Amino acid sequence: MQYDVLIIGAGPGGIFSAYELTRLDPSKHILVLEAGYPLSKRKCPIDGKKIKSCIGCKSCSIMNGFGGAGAFSDGKYNITNQFGGTLYEYIGKQEALDLMHYVDEINLRYGGEGTKLYSTANSAIKKQCIQHGLHLLDASVRHLGTDINYVVLENLYNDLKDKVEFRFSCAAHKVEKTENGYRVTTDDGVFEAEKCIISAGRSGSKWMETVCKDLNIKTKSNRVDIGVRVELPANVFSHLTDELYESKIVYRTQKYGDLVRTFCMNPKGAVVNENTNGIVTVNGHSYEDPAKQTENTNFALLVAKTFSEPFKDSNGYGESIARLSNMLGGGVMVQRFGDLIQGRRSTPDRIRQSFTTPTLNATPGDLSLVIPKRILDGIIEMIYALDKVAPGTANIDTLLYGVEVKFYNMEVALNENLETCHEGLFVIGDCSGITHSLSHASASGVHVARHILKNA
Ligand SMILES: Cc1cc2nc3c(=O)[nH]c(=O)nc-3n(C[C@H](O)[C@H](O)[C@H](O)COP(=O)(O)OP(=O)(O)OC[C@H]3O[C@@H](n4cnc5c(N)ncnc54)[C@H](O)[C@@H]3O)c2cc1C
């Protein structure tokens, strides 16, 4: 069957493309190919008892399936151009913000009503930060929470499933140009469509590279962010998280002039494993439901690394560091800040004695054997700076999990419609290299859907 639009990937980018296409023109035949499972079948086998760490499932339920990498995330939709991607460089600042607000309205309509929208506007914390060399970025953040985020996705799926054809466990292998559009080859057969939207996310990053090579689409290599996830008693950060929920704070290190930033803050949340192409790194999330909340807050401290000539493989660099931590720790490692400063590894005994109880069962170890000195020095410097606005951050028992790596996809050459050099072939969301967040990925999906129908 010939489709009007074929979407590869059912993450936020793909979902919001499908949503907007069906809303604006219900007569269109749309096919969504998704490598992972439907939402109801997504289940990570780690239960903390029988299965304590990643067993490398064929399809990772955390990263793949309806809802994409964001399905079990904290559901923080940041409405801002200051972080989360560079979509605004392609479509303009106002349009990007308008689309993010539009996505927010849909999320509210599909189950998110009643959730809180936090804002940095007029916050006194900004002044407090700047006095200590810390810069609080401007944003509004809708916090759905992992539980409500799931409900929103469930409702979106129930609405879309009768309007769009979904094929799960159906990874696209090859994308070819035909006379009238595109042919996509999968294990389930070959599908053709006039337009093709690729939204394969970060888990599809390697595959995306092959598509670009096959179709001669220009790319440029991007950065990688390397760091740790910090976990501490929620009280230490409560004055920031109560007011802002998530504070994105940037610090320039005195020693090297590198930028270190907080990322993905989860008040009363849990630290979790993340599996990207078989490499286990660390991440975090939190629940809106008080019954599921913990006594800890976690957030990442990341240092951005970009390379100049001759080295181009920034993701390979991040992968090697993550592999080293997996080699030493069998997965994610945990170390108390006090042990790191004293130059000794954390042991199971030291972690047991800690006043901060870890929410992830990670291997006690020594992060200085894994993380390059320059990056680790920057993280330590920032922890001391944060200690001035949130005293207690630099306590002995503050837990550091490593490594956290944010892999960025290479940037695909796209025009203002997020269209490649091939007419009718669009790349959106994180696999385009221009979005790194739920709100930007979703907004990019709406933008392309509107463009396709405007020019149909
Ligand atoms: C644990 C975790 C927590 C996060 N928390 C937040 C947060 O709170 N706020 C925030 O803004 N961002 C968060 N993120 C990032 C956010 O989830 C991503 O930026 C967002 O999901 C990107 O959307 P996307 O549609 O581009 O890609 P994805 O969500 O990655 O979806 C891509 C989909 O494509 C499928 N796919 C890949 N290759 C193929 C193929 N060849 N054929 C068919 N299907 C394919 C994948 O299975 C996947 O389902 C989090 C990420 C993780 C992992």
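Here is a walk through the structure, from the whole chain down to single residues.

A word on ground rules: this is a predicted model, so local features are given at pLDDT of at least 70 and side-chain atom pairs count only at pLDDT 80 or more, while totals for chains, interfaces and linings use all residues. Residue numbers start from 1 along each chain as its sequence is written.

Let's start with the whole thing. The chain has twelve helices and 22 strands, where helices (H or I, at least four residues) and strands (E, at least two) are DSSP runs numbered from the N terminus. Its radius of gyration is 21 Å, close to the 23 Å that the globule rule gives for 456 residues, so the chain is as compact as a globular protein of that length. That radius is taken over C-alpha atoms, and the rule is 2.2 Å times the number of residues to the power 0.38. Along the principal axes, the C-alpha trace spans about 65 × 45 × 45 Å. Of the 456 residues, 52% count as buried. Buried here stands for 20 or more other C-beta atoms within 10 Å of a residue's own, exposed for 12 or fewer, and partly exposed for anything in between, with C-beta atoms placed from the backbone. Among contacts between residues at least 6 apart in sequence, 76% join residues at least 24 apart; a contact needs two C-beta atoms, placed from the backbone, within 7 Å.

Next, the domains. The chain is divided into domain 1 (2-117 + 141-220 + 412-454) and domain 2 (224-407), with bounds that come from an automatic or database domain assignment. Their C-alpha centres lie 28 Å apart. The contact between them takes 26 residues from domain 1 and 21 residues from domain 2. On the domain 1 side, β6 (140-143), α5 (145-160) and α6 (205-214) each supply at least two residues, and α5 gives the most, with four. The residues of that side divide into ten nonpolar, ten polar and six charged. For these classes, Ala, Val, Leu, Ile, Met, Phe, Trp, Tyr, Cys and Pro count as nonpolar, Asp, Glu, Lys and Arg as charged, and the others, Gly among them, as polar.

Now for the ligand. It is surrounded by 42 residues, and the closest are G9, G11, G68, G201 and G429; the cut-off is a C-beta atom, placed from the backbone, within 6 Å of the molecule. The shell draws at least three residues from each of domain 1 and domain 2. Elements that each supply at least two of its residues include α1 (12-24), β3 (76-79), β16 (279-285) and α12 (438-454). By class, the shell splits into 13 nonpolar, 23 polar and six charged residues.

Five of its seven residues are buried, so β16 is largely enclosed by the rest of the structure. Seven bridges join it to β15 (residues 270-276), and the two run antiparallel; strands pair when DSSP finds at least two bridges between them. Within that pair, N275 stands opposite V280. β15 and β16 form a hairpin with two residues between them, and N277 in the turn has a positive phi of about 50°.

Over to another strand, β18 (residues 333-336). M333 and Q335 point one way from it and V334 and R336 the other way, and all are buried. Four bridges join β18 to β20 (residues 399-407), running antiparallel, and in β20 M333 stands opposite G402. The peptide bond from G402 to V403 is cis, with omega near -5°.

Y245, in the loop between α7 (234-244) and β13 (249-252), has a positive phi of about 65° although it is not a glycine. L418 also has a positive phi, about 60°, and is not a glycine either; it is buried, with 24 other C-beta atoms within 10 Å.
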